[in-house]
Amino acid sequence: MRRNVRVRRSAPLAGVAAAAMLLLGASTPAAAQPGSAQPGGAQPADRSDEARVPADAAQVEAPVPEVDWAACGEGLEQFDCTSVEVPSDYDEPNGRTTTIAMTRLPATDPEHKIGSLFLNFGGPGGPGVESLHQLGSSLFTEEVRAQFDIIGFDPRGVGTSDPVTCFPDQETENAFASQMEAFPVGHREEVRFMAQTVTLGVSCTAVSGDRIATSSTANVARDMDLLRQAVGDQQLNYVGYSYGTILGATYGQLFPDRIRTMVLDGTVDPEAWVGEGDERSLGRRMGQAVATDETYHEFLRLCGEAGPQNCALAGLGDPEQVVEELFDQLKETPAEVPLPDGSTTEIGYDDAVYLVFQSMYSPTQWSDLAATLAALVEPEQQNRAFSAQSTGADSIRDFLRKIGFLEDYASVGGALASMCMDTHNPGTLADYPAQAAAAEEEAPHFGPARAWVGSQCETVGVSDEDAYTGPWEQSSDAPVLVIGTRYDPATPYEFTEPYAQKWPNAAMLTVEGYGHTTMMTPSSCANAAIEDYLIDRQTTDGATCTQDVAPFTPAAEQDQPELVPAALG
């Protein structure tokens, strides 16, 4: 497993900062799903099938860090915090270290505690510490919180775990990011966009190349196994959302005998993620554009059915026609939106497409999205749209803040680290305009927006030779629970069953609804199924659930969802 920092020649042109966060992590404190933990027998990784998992692929012997939990600070009294040191390079387990930040929500019934439950909220680049602090006890039922210490950690290179940064300071990075489009439209923007991405990739490599070169998902999995040992658990209990399912699959390959439970929600196809032998860009391989297009048309259909009282767009005419005309309008003339400080921000076509893409993650935002899009239409139509709507955002600014569109810029480096170390890409930035054109044929609007994902990796000048890139057929006998939502814009439902089939003992649960993972679109039915699995390891393969809140419908009008076994045949 000899790993050296290997510097590659930079590609001639570049990619996208706004598209670097491939899969979103924690968003709103909705009732999500956890995983449980119970001491089992700590065993070395299975080496019986040398062809499947190379003998040097898993974790070498490394010092188990000592965990010294302490108070997190004001306003976080229910949590404990700490940081530990793990090897930067597992080829040199006693050499340089990197810091991993952790937080814990202690079990409320410690006398009957089963163990610890590790979480990954997605990304790549999603912070585990901050996300758990934000979501807190809303993530789990009282039974799960009673029997498990719930643990969030910032993966290496992310958040407060020796983060990968791309500029000397955040002010400089913010200024750089403010000049980049969400994705380029037209040849002139493509040329500028690629040149900016060259700057981004070179700068990330110059500032944090040493950190990037050890940030593959395989090393995050090795870290998580050390953390498992550090908290005293003999086997891992884990819940991974979105990109977290790649981390789960990687851990399963490296440590198949160390799993007790895994909830894998919003699955990413690992072959598509790695992309060996696939000349499509990462953004195209992931299937997000087509999945978003399907979810978007459900948004439009349900908006029309909801009518003007519950969906502002329906008050302006046929929702699809209204939005298409808005897209055309914004291509010609971006909209100016006033900000609280008296300045304005510009929303162009690329911004509007990304606004729709982000909002498809959670149907609870669809009414607000419809109101915001209606307000971006010609001014004489705005008053009519908002007066027709009884629910929704008070202003465009409120909605943009709610979904993070106006939040302070977070470093793109944490997202680049694992993504660029894990994945194969077409080879040159000059390939991406053609990738975007082909993606437009696959899914209008959203195809070009997602086709540029991964382009920035073309100019990151290091690689991690300890990355795990397959094969992906699992050997663990542990039961796993795989969850997919029917209309998920980020992790297409079509990947769910093939992902589950890679595990010898997987149960598949389908959520008949809309949005990205059960964390973003709560289902008490799915929560109950997850609880049964985490505590008792009981599952119903092929079961289905509904969501608690349907789009454009008040939650009070919803029926209590039920777990329904799938029909045979």
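# Reading a predicted chain: burial, packing and backbone

Author: Buried residues make up 60% of the 569 residues in the chain. The model is a predicted one.

Reader: How many helices and strands does the chain have?

Author: The count is 20 helices and 15 strands.

Reader: What share of contacts joins residues at least 24 apart?

Author: Taking contacts between residues at least 6 apart in sequence, 78% join residues at least 24 apart.

Reader: Which residues touch the most other members of the largest nonpolar core?

Author: The general idea comes before the case. In soluble globular proteins, nonpolar side chains tend to be buried together. Here the largest nonpolar core holds 148 residues, and Leu119, Met262, Trp273, Tyr296, Phe299 and Leu313 touch the most other members.

Reader: What does leucine 119 touch, apart from residues up to four places away in sequence?

Author: Leucine 119 touches Leu132, Leu139, Phe140, Ile150, Ile151, Phe153, Tyr238 and Val239.

Reader: And tyrosine 296: where does it lie?

Author: Tyrosine 296 is part of helix 9, residues 288-306. Its relative accessibility is 1%, so it counts as buried, the cut-off being under 20%. Beyond its neighbours within four places in sequence, tyrosine 296 is in contact with Val323, Glu324, Phe327, Val356, Met360 and Phe446. Its C-alpha is separated by 9.2 Å from that of tyrosine 487, which is 191 residues away along the chain.

Reader: Let us turn to helix pairs. At what angle do the axes of helix 10 and helix 11 cross?

Author: For such a pair, one reads the axes and then the residues that meet. Helix 10 (residues 319-332) and helix 11 (residues 349-359) have axes that cross at roughly 145 degrees and come within 8 Å. On the helix 10 side, the meeting residues are Phe327, Leu330 and Lys331; on the helix 11 side, they are Tyr349, Ala352, Val353 and Val356. By class, this contact has six nonpolar residues, one charged residue and no polar residues. Two of the names have come up already: Phe327 and Val356 are among the contacts of tyrosine 296.

Reader: Why is helix 11 described as largely enclosed by the rest of the structure?

Author: Because ten of its eleven residues are buried. The buried residues of helix 11 include Asp350 and Asp351, as well as Tyr349, Ala352, Val353 and Val356.

Reader: How many residues of helix 5 are buried?

Author: Helix 5 is mostly covered, with 13 of its 14 residues buried. Spanning residues 217-230, helix 5 reaches 20 Å from its first C-alpha to its last, close to the 20 Å expected at 1.5 Å a residue. Just after helix 5, glycine 232 has a positive phi of about 90 degrees.

Reader: Which residues other than glycine have a positive phi?

Author: Two cases can be set side by side. Aspartate 162 has a positive phi of about 40 degrees, and threonine 517 has one near 70 degrees. Aspartate 162 is in the loop between strand 6 (148-153) and helix 3 (170-177), whereas threonine 517 lies in helix 19 (residues 517-520).

Reader: Is each of the two buried or partly exposed?

Author: Aspartate 162, at 22% relative accessibility, counts as partly exposed. Threonine 517, at 1%, counts as buried.

Reader: Where are cis peptide bonds found?

Author: The angle to read is omega. A cis peptide bond joins glycine 123 to proline 124, with omega about 0 degrees. Another joins glycine 470 to proline 471, with omega about 5 degrees. Proline 124 sits in the loop between strand 5 (115-120) and helix 1 (128-135). Proline 471 sits in the loop between strand 11 (462-463) and strand 12 (480-487).

Reader: Which loop holds serine 281, and is serine 281 buried or exposed?

Author: Serine 281 is in the loop between helix 7 (270-274) and helix 8 (282-285). At 0% relative accessibility, serine 281 counts as buried. Leaving aside neighbours within four places in sequence, serine 281 is in contact with Pro426, Tyr432, Gln435, Ala451 and Val453.

Reader: And phenylalanine 255: where does it lie?

Author: Phenylalanine 255 is in the loop between helix 6 (244-254) and strand 8 (259-265). Phenylalanine 255 is buried, with a relative accessible area of 0%.

Conventions
Residues numbered from 1 in each chain as written. Predicted model: local features only at pLDDT ≥ 70, side-chain atom pairs only at ≥ 80, totals over all residues. Heavy atoms only, no water. Helix = DSSP H or I, 4+ residues; strand = E, 2+ residues; numbered from the N terminus. Expected span 1.5 Å × (residues − 1). Buried < 20%, exposed > 50% of the residue type's maximum accessible area, 1.4 Å probe, protein only. Axes fitted to C-alpha atoms, helices over the stretch in contact; angles between N-to-C directions. Contact = heavy atoms within 4.5 Å. Nonpolar A, V, L, I, M, F, W, Y, C, P; charged D, E, K, R; others polar. Core = buried A, V, L, I, M, F, W, Y, C linked by side-chain atoms within 4.5 Å.
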